Every structure is written in C-alpha cells, then in structure tokens.
Amino acid sequence: MYQRVVLIIVTVWLPTILALAPIEQEPLVLKRDSHDDARYLLQKVSEPISYKLFFDITNTDFHSYTGTVEILMRYTGEENHFYLHSDGLVIDESSVTVTGPDGINVPVVDILYMDQFEQIYFGFADRLQTGATYKVQMSFLNNIGTELKGLYRSSYTVGNTTRYLATTHFESTYARSVFPCYDEPSYKAQFDIRIRHRSQYTALSNMPVKETVQQSDYTETTFDTTPLMSTYLVAFVVSDFKSLSQDSRFRVYAVESKVPHTEYALDFLGKSLRSLETFFGRQYQLPKVDLIAIPDFAMGAMENWGLITFREMYLINEEGVTTARTKQNIADLITHELTHMWFGNEVTPEWWTYLWLSEGFARYFEYYITDQDCRYNNRPMSYYATEPSILNNLFDYVVYAKSASVIRMIQNVIGFDTFKIALNDYLRSRSYLTTKPQYLYASIEKFRTVDLPASVEAYL
C-alpha cells in the first residue's frame with residue numbers, strides 16, 4: 001500500500017516521497033500505557049539457551065502437522081514453576097519431560113493452560129535450582145490454516161491444478177502458535193531445526209541444509225544451527241519452488257514459471273548487501289540469504305534471518321509487464337529487509353516498544369529520506385504495550401516513516417560522517433544483544449562534535 005504524506009518536525013520540512021510496504025496500517029492512536037498488562041509477559045524465572053525443533057509436515061496438501069521441541073533453559077528464578085508461550089497448540093501431556101542438571105527427570109506436578117495470555121504453566125513439587133540448566137521436552141500438533149500467520153498453507157495454480165506449500169510468518173507473536181517457546185524478542189536462543197516432508201518438496205529454513213535423508217516417499221532435512229536470535233525471526237518453507245542462484249550465498253525462490261523473472265531481484269540482492277556491508281563496516285552474519293516469493297503473504301516482506309519472505313509481486317520483474325515504479329519497489333524492499341539483518345536481527349529491540357529502532361533504520365536506508373504527517377494526538381515512536389492484539393498493530397507509519405525521518409534529522413544535525421561512525425559503534429556494542437533507544441543515543445553522544453543546548457535524547 002502506498003501513501004503520500006508530509007512530515008513536519010520542529011521547523012524541518014523534508015520532501016515528500018511515496019512510502020512502500022511492508023504493508024502499513026493506519027496509526028495506532030491509544031493513550032500511553034493502555035493495554036499494559038504484565039500477565040501477557042512471561043514471568044522472568046527462566047530463559048532459553050537453545051531449541052531443537054522437529055516438524056513432521058507430510059500431511060497431504062499441508063492441512064496439519066506434528067512436532068517435538070527440546071528446550072535447554074536456564075532457571076533464573078527462586079520458584080517451583082516456569083511458563084512457556086503456546087497459542088492453540090495441542091500438547092501431548094504424556095510426552096512432557098523436564099530433566100535436571102544431574103540428568104534426572106523432575107516430575108511435573110501441574111500443567112495449566114492460560115489461554116487468554118497464550119501461556120502454559122509448568123509446576124513442580126519442589127523449588128527449582130537457581131542458575132541451573134534444565135531440558136524441557138514435549139510433543140505437540142496443530143492445524144495448518146490459511147490466515148497468513150504462524151505456519152500457514154499457501155497455494156498457486158498450474159493450468160487446472162492447484163499446488164500447495166507450507167510457509168511461516170511469526171512476527172510479532174505467532175511463533176507460539178507453531179511450537180511452545182519463549183515468544184518475546186528479548187529471549188534469544190540458538191535453533192536446530194529438522195523437517196520431515198514429502199520427497200517431491202524442498203524444505204528451506206534460516207540456515208543452510210546440513211543433511212538430507214530420504215526414507216521412501218519422505219525426506220528429513222536438517223539445518224545448521226542458527227546464531228542467537230528471537231523466535232519471531234525463525235522461518236521455514238516446504239514447497240516445490242525452484243531457484244535462481246548467483247552463488248551458494250545468494251538465491252531467489254519462486255514458482256517455477258516465474259523463476260526467470262527473478263533475475264533482477266537476485267542481481268540487486270548482491271549489490272545491496274555488499275553496499276550495506278561496506279556502510280556498516282560489518283559483514284552479513286549468515287552463510288546465505290534466500291529470498292522467496294510467496295503467493296499469499298500479509299506484508300510486503302519479512303526479514304526472517306537468512307530466509308526473507310516476500311509478497312510475490314515484490315520479487316518478480318517481467319520485462320514489458322512490470323512497471324518502472326514496481327521495479328523500483330523491488331529494489332527498495334530488498335534493501336529494507338537486508339538492513340534488518342543488522343537493525344533488528346543482530347541488534348534486536350528488547351521489546352516492541354522500541355520497534356522503531358528496527359523499522360526506522362530499515363526505512364532510512366531504504367529511501368535515505370522520507371516524510372510523513374505528524375498527526376495531532378499521534379502515539380510516540382516508543383509505545384509500550386503487552387497485549388498481542390495491540391502488538392500486531394504497531395507496524396504503522398510511525399515506526400517506519402516518522403522514525404526514519406527523525407533518524408535523518410539526527411544525521412543532518414550531527415553530520416553524516418559522525419552519524420556513520422556512531423552507527424558502526426552502536427552495532428558493534430549491541431551485536432547479538434537486545435537494544436533500546438538509550439544505547440543508540442550513547443553511541444551518538446560518544447562521537448558528537450557539534451554543540452547542542454542539550455543531548456540528542458532530550459530532543460526526542
């Protein structure tokens with residue numbers, strides 16, 4: 001969706017440009033701290049270290065799946081319980097096991113489903129050991145819907161035949177509908193993912209394939225271990241798509257008939273990534289980056305680390321058919337999502353309050369300059385909420401264009417060279433950690449040479 005608007009900040013006016021997806025929503029206008037209910041947050045008594053995930057997606061036409069999860073977690077509380085997120089999952093309670101640091105099973109006394117808050121409570125007879133690591137295992141199952149969130153079924157047609165695929169979209173609170181997890185951005189962990197699927201399909205995920213084992217009509221695909229990352233960045237796709245590749249590092253996947261039309265996206269992918277690596281003074285963090293064109297996709301694109309999902313139209317450039325504006329949109333959106341590999345994926349806002357630290361920089365580097373209308377009674381860039389229905393509506397123009405314009409204003413005030421050095425320092429200092437605005441301000445102040453009546457933070 002395109003919007004043409006103007007942003008006025010203090011007395012600074014910036015030229016108007018067309019804004020591009022990810023598909024933006026109308027601004028969320030709410031009173032500060034409304035929908036602030038701590039019960040939607042996991043109690044901070046444990047934290048994940050790593051996940052081992054297995055998904056069986058062999059169901060005909062992708063109507064359902066089964067799975068298992070093994071979470072290595074550190075207990076940080078002084079209680080006899082912990083919580084995980086789960087939304088709509090059917091848990092096999094007989095499969096739930098918790099193993100203590102000594103390798104001995106710790107009996108689970110209570111399993112309580114807190115459906116309103118999308119959590120499961122696990123209670124024990126005795127207090128758990130503070131600082132110790134525990135292994136939590138369970139089996140689960142769920143349907144694969146068509147609502148463009150969580151793990152969902154998409155389709156396309158070839159002649160009179162409908163073909164199906166399974167794909168994911170987890171931002172911001174949909175990973176919990178696919179597997180039990182710590183589904184908040186501050187909980188980073190490593191993920192080992194294994195998928196069982198029918199052999200006519202290919203499985204993709206964040207990391208390169210480590211091993212494939214064919215078992216008659218089925219294949220198990222195992223992927224390399226991810227870096228530390230939040231659950232909303234986990235992604236996988238099972239499809240019969242084909243790909244165009246530049247080398248082992250860059251690939252674009254699409255419906256077979258449209259693969260020849262992804263050449264422009266593939267070429268621009270390499271150019272854009274190399275330019276960003278040069279600007280940030282940091283290499284892209286993963287061994288590969290795949291772009292995949294999904295027929296049914298709610299956003300313009302999603303920055304899943306290593307497997308970026310796109311609405312199909314934003315990767316397909318058909319000569320004589322695709323307009324010049326759409327071709328430009330392809331380049332803009334690829335750059336937007338690649339910027340997230342640093343701002344958002346490597347350095348992650350600790351809560352959705354600070355989403356602008358991710359989307360603002362992505363929009364800034366996508367356009368370099370952008371504008372929006374600063375409306376009366378509009379919410380601030382940093383807006384706190386906990387309720388999932390509110391969190392999933394925060395992706396509006398405020399966190400994209402308004403924040404990008406503020407970032408541009410900062411660059412104009414402190415100077416481009418200082419701005420670049422400050423961003424490099426910010427990325428280095430928060431690498432594989434979470435972030436909030438104060439860390440960005442600290443890097444700016446560290447290198448700022450222009451005199452101001454107050455700190456940069458005071459103006460924001």
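**Figure 1. A hairpin of two strands.** Strand 5 and strand 6 form a hairpin with six residues between them, and Asp-61 in the turn has a positive phi of about 60°. Strands here are DSSP runs (E, at least two residues) and helices are DSSP runs too (H or I, at least four), each numbered from the N terminus. This is a predicted model, in which local features need pLDDT of at least 70 and side-chain atom pairs count only at pLDDT 80 or more, while totals for chains, interfaces and linings use all residues. Residues are numbered from 1 along each chain as its sequence is written, and side-chain values use heavy atoms, with hydrogens and water left out. Strand 5 covers residues 46-57 and strand 6 covers residues 64-75; the two run antiparallel and are joined by 10 bridges. Two strands count as paired if DSSP finds at least two bridges between them. Within this pair, Leu-53 has Val-69 of strand 6 as its bridge partner.

**Figure 2. The other neighbour of strand 6: strand 11.** Strand 11 (residues 133-143) runs antiparallel to strand 6, with 11 bridges between them. One of the residues to look for is Ile-71, whose bridge partner in strand 11 is Val-136. Strands of a sheet pair through backbone hydrogen bonds, either parallel or antiparallel.

Figure 3. Asp-61 lies in the loop between strand 5 and strand 6. Its phi is positive although the residue is not glycine. Asp-61 is partly exposed, with a relative accessible area of 31%; partly exposed lies between buried (under 20% relative accessible area) and exposed (over 50%), using a 1.4 Å probe and protein chains only. Tyr-432 also has a phi near 60°, a positive value in a residue other than glycine. This tyrosine sits in the loop between helix 6 (416-429) and strand 25 (434-435), and Tyr-432 counts as partly exposed at 27% relative accessibility. Ser-172 is placed between strand 13 (161-169) and strand 14 (190-198).

**Figure 4. Ile-144 and its surroundings.** Ile-144 lies in the loop between strand 11 and strand 12 (150-158). The residue is buried, with a relative accessible area of 3%. Leaving aside neighbours within four places in sequence, Ile-144 is in contact with residues including Ile-57, Phe-62, Tyr-65 and Leu-151; contact means heavy atoms within 4.5 Å. Val-178 is 34 residues away along the chain, and the C-alpha atoms of Ile-144 and Val-178 are separated by 9.1 Å.

**Figure 5. Ile-57 in the largest nonpolar core.** This core has 127 residues, of which Tyr-51, Phe-55, Ile-57, Phe-82 and Phe-179 touch the most other members. Helix 1 (residues 263-280) gives the most to this core, with seven residues. A nonpolar core is a set of buried Ala, Val, Leu, Ile, Met, Phe, Trp, Tyr and Cys residues joined through side-chain atoms within 4.5 Å. Beyond four places in sequence, the contacts of Ile-57 include Phe-62, Ile-144, Ala-166, Ile-195, Phe-236 and Val-238. In soluble globular proteins, nonpolar side chains tend to be buried together.

Figure 6. Strand 21 (residues 289-294) and strand 23 (residues 307-311) pair in the parallel sense over five bridges, and Ala-293 stands opposite Phe-310 in strand 23.

Figure 7. The mean pLDDT of the chain is 88, and 87% of its residues reach 70 or more; pLDDT is the predictor's confidence in each residue, from 0 to 100. Over residues 1-24 pLDDT stays under 50, and the model has 91 contacts beyond four places in sequence for them. Residues 368-372 also have pLDDT below 50, and this stretch has 34 contacts beyond near neighbours in sequence. Where pLDDT is low, the predicted coordinates should not be read in detail.
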